[in-house]
Amino acid sequence: EIKAGGAVKISSTSEVDASTKAIGFALSQGGSEDKEEKSGDTTGVAAGVSVNVGIVHNTASIGENAIVEGNGITVEAVTPAGKSNDIIAWGIAGAGAQQKGSSGTSTAVAGGVGINVFDLHTDAQVADTADLKSAGAIDVVARSEIGVQNIAAAGAAAIGRPEGGQGVGGAGAGNVTLNHTTAGIGEKKAGVDLIGPNVGGAGAR
């Protein structure tokens, strides 16, 4: 039970920043300028892998049978104003191979992978049997701001003689973002007592 002469505010704020950056480079050089000299193969391999996996819960609530009285009541679960949950993943790779000898081959392989997986829950709730009485506004607010960046890049270059060179580059990117933002005043609403001149209700974004 909460009884206040002024405003009552139940607030939960959450801001999460996750950043992973994987960058790989490889350069391989083999052989000799001497055309008579035999030489083997030259290979350059580079890989960059970056992964973000996270579950974030941000909850503000008034529970069952709670009694809250005040001059204004706010229940909010929000990302701070002007802020956002920033999720960044980079997977960047570059490979180069050069064969100078009179024989052999050059091979360059590069792979870049960036993966983002996030499940964010933002909930502002007033239970079914809660009793809220206010001389001012009653507001239930849920707000979640999210920014996602995923970069996957790969480049490969191979120079060889006399058989030439082979360059292979691959890049992959994946985004899975599930954002649940909920503001609610009871499920049945029959047991929730809201008394006040300005009952703002619930809002989510």
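These legends accompany close-up views of a predicted model.

**View 1. A loop residue with positive phi: Asn65.** Let's start at the loop that joins strand E4 (42-62) to strand E5 (67-70), where Asn65 is found. Asn65 is not a glycine, yet its phi is positive, near 65 degrees. Asn65 counts as exposed because its relative accessibility is 59%, and exposed means over 50%.

**View 2. A charge over a ring: Lys21 and Trp90.** Here the charged end of Lys21 sits over the ring of Trp90. The distance from that charged end to the ring centre is 4.1 Å.

View 3. Strand E8 spans residues 106-126 and includes Ser106. With a relative accessible area of 1%, Ser106 is buried, because the cut-off for buried is under 20%. Follow the side chain of Ser106 and you will find that it reaches the backbone oxygen of Ile159, at 2.9 Å.

**View 4. A nonpolar patch on the surface.** Val49, Val51, Val53, Val113, Ile115, Val117, Val176 and Leu178 make up this patch, and together they have about 620 Å² of accessible area. Two or more residues of the patch come from each of E4, E8 and strand E12 (165-185).

View 5. Ile115, one of the residues of the nonpolar patch, lies in strand E8. Its relative accessibility is 32%, so Ile115 counts as partly exposed, between the 20% and 50% cut-offs. Strand E8 thus holds both buried Ser106 and partly exposed Ile115.

Definitions and conventions
Residues are numbered from 1 along each chain as its sequence is written. This is a predicted model: local features need pLDDT of at least 70, side-chain atom pairs count only at pLDDT 80 or more; totals for chains, interfaces and linings use all residues. Side-chain values use heavy atoms; hydrogens and water are left out. Helices (H or I, at least four residues) and strands (E, at least two) are DSSP runs, numbered from the N terminus. Buried means under 20% relative accessible area, exposed over 50%, partly exposed in between (1.4 Å probe, protein chains only). A charge sits over a ring if NZ of Lys or CZ of Arg is within 6 Å of the ring centre and within 35 degrees of the ring normal. A polar contact is a pair of N or O atoms within 3.5 Å; within protein, one must be able to donate a hydrogen and the other to accept it, and residues adjacent in sequence count only if both atoms are side-chain atoms. Patches are made of residues with over 30% relative accessible area and no salt bridge: like charges are joined within 9 Å, nonpolar side chains (Val, Leu, Ile, Met, Phe, Trp, Tyr) within 5 Å. Accessible areas come from the Shrake-Rupley method with a 1.4 Å probe; for residues, only the protein chains shown count as cover. A salt bridge is a side-chain nitrogen of Lys or Arg within 4 Å of a carboxyl oxygen of Asp or Glu.
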